[in-house]
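Here are a few friendly notes to read alongside the model. Take them one at a time, and find each residue in the viewer as you go.

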Amino acid sequence: MKIAVMSDSTAYISREDREKYNIHMVPLSVIFDDASYQEEIDITTEEFYKKMKITKELPSTSQPSIGYVTKKLESLAEDFDAVISIHLSSGISGTYQTVTSAGEMVEGIKVITFDSEISCMVQGFYAIEAAKLAKEGKSVNEIIDRLYEMKQSVRAYFMVDDLTNLQRGGRLSGAQALIGSLLQVKPVLHFQDKLIVPFEKIRTRKKAIHRIMGMLDDDAESNDLRVVFIHGNDEASAIQLERQFKEKYPNAETSISYFGPVIGTHLGEGAVGVGWYKK
Ligand code: MYR
């Protein structure tokens with residue numbers, strides 16, 4: 001059985017890695033006053049952050065249309081028997097549901113959707129793992145089983161410089177009681193039951209990052225981890241965190257990734273996140 005692996009643009013898997021692992025991609029879009037841009041296609045992350053600085057209105061985002069996804073699946077059906085499609089959390093975007101619905105309509109290919117319950121390169125970890133296994137000739141069930149096994153150890157925490165965008169975009173849950181005070185602090189955020197919720201209320205950026213790095217350290221002491229440091233137009237912070245981690249764990253497998261246009265719309269510039277799982 002020929003198995004394709006697909007994900008959406010919010011995994012922010014570089015073009016080289018998408019080509020290397022043969023991962024197909026459906027883009028989400030960011031919508032400014034003047035136009036709608038498919039991220040990773042019509043607008044780069046650098047262009048996005050520049051544009052966001054000079055635009056008064058907060059941009060909005062949208063999932064891929066069902067027509068677009070259907071066409072993509074139909075084209076995959078020409079070469080593959082099945083596609084495993086890995087998406088950002090269904091609690092923050094309709095993308096997973098759209099691909100699932102399109103998959104039920106398209107003929108000639110079995111479409112198996114996987115809700116990563118997260119986003120960004122942590123979602124990308126799942127897609128890359130699936131693609132490696134597909135290349136090794138593993139079956140759909142074997143690949144899906146492995147993805148669920150990974151889910152047991154996946155952790156991701158992040159913080160934003162300013163909670164306004166997350167709150168305005170309606171993607172911050174479980175924080176009603178804290179909202180007033182939250183805007184003055186730098187809470188550590190994470191996903192719980194597919195939604196973004198505050199993990200811990202922390203006063204300063206420095207302390208929030210310290211807390212996240214502490215949790216990573218706790219896990220790294222007894223496990224062989226794959227780790228990604230993610231930034232919103234603040235590569236220096238991500239590099240510094242990676243360096244700090246590597247001082248203690250020189251053999252750990254780490255990488256740097258970014259919050260691209262769609263996720264950057266909701267997190268704003270200056271967000272930092274760390275994600276990992278047991279290899
Ligand atoms: C859509 O319009 O369908 C996309 C909505 C995306 C919401 C993004 C919210 C922030 C996600 C943060 C992920 C951090 C992962 C480490």
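1. Let's begin with a term: a polar contact is a pair of N or O atoms within 3.5 Å. Keep in mind that this is a predicted model. With that cut-off in hand, look at threonine 61, where a polar side-chain atom lies 2.6 Å from an oxygen atom of the ligand.

2. Now turn to serine 93. An N or O atom in the side chain of serine 93 is 2.7 Å from an oxygen atom of the ligand. How much of the ligand does the protein bury? Taken alone, the ligand exposes 500 Å², and the protein buries 98% of that.

3. Next, the wider surroundings. The ligand is surrounded by 15 residues, and the closest are Thr61, Ile92, Ser93, Arg171 and Ile196. By type, the shell divides into eight nonpolar residues, six polar and one charged.

4. Which helix gives the most to the shell around the ligand? It is H11, with four residues. Helix H11 spans 261-267, and strand S5 (60-62) also supplies at least two residues of the shell.

5. Step back to the domains. The ligand lies between domain 1 (3-28 + 63-152) and domain 2 (155-278), because both give residues to the shell around the ligand.

6. Finally, visit serine 257, which sits in strand S12 (residues 253-258). Is serine 257 buried or exposed? With a relative accessible area of 5%, serine 257 is buried, since buried means under 20%. Beyond its neighbours within four places in sequence, serine 257 is in contact with Tyr12, Met121, Val228, Phe229, Ile230 and His231.

Conventions:
Residues numbered from 1 in each chain as written. Predicted model: local features only at pLDDT ≥ 70, side-chain atom pairs only at ≥ 80, totals over all residues. Heavy atoms only, no water. Near = heavy atom within 4 Å. Polar contact = N/O pair within 3.5 Å; in protein donor to acceptor, adjacent residues only side chain to side chain. Areas by Shrake-Rupley, 256 points an atom, 1.4 Å probe, with all protein chains shown as cover. Nonpolar A, V, L, I, M, F, W, Y, C, P; charged D, E, K, R; others polar. Domains from an automatic or database assignment. Buried < 20%, exposed > 50% of the residue type's maximum accessible area, 1.4 Å probe, protein only. Contact = heavy atoms within 4.5 Å.
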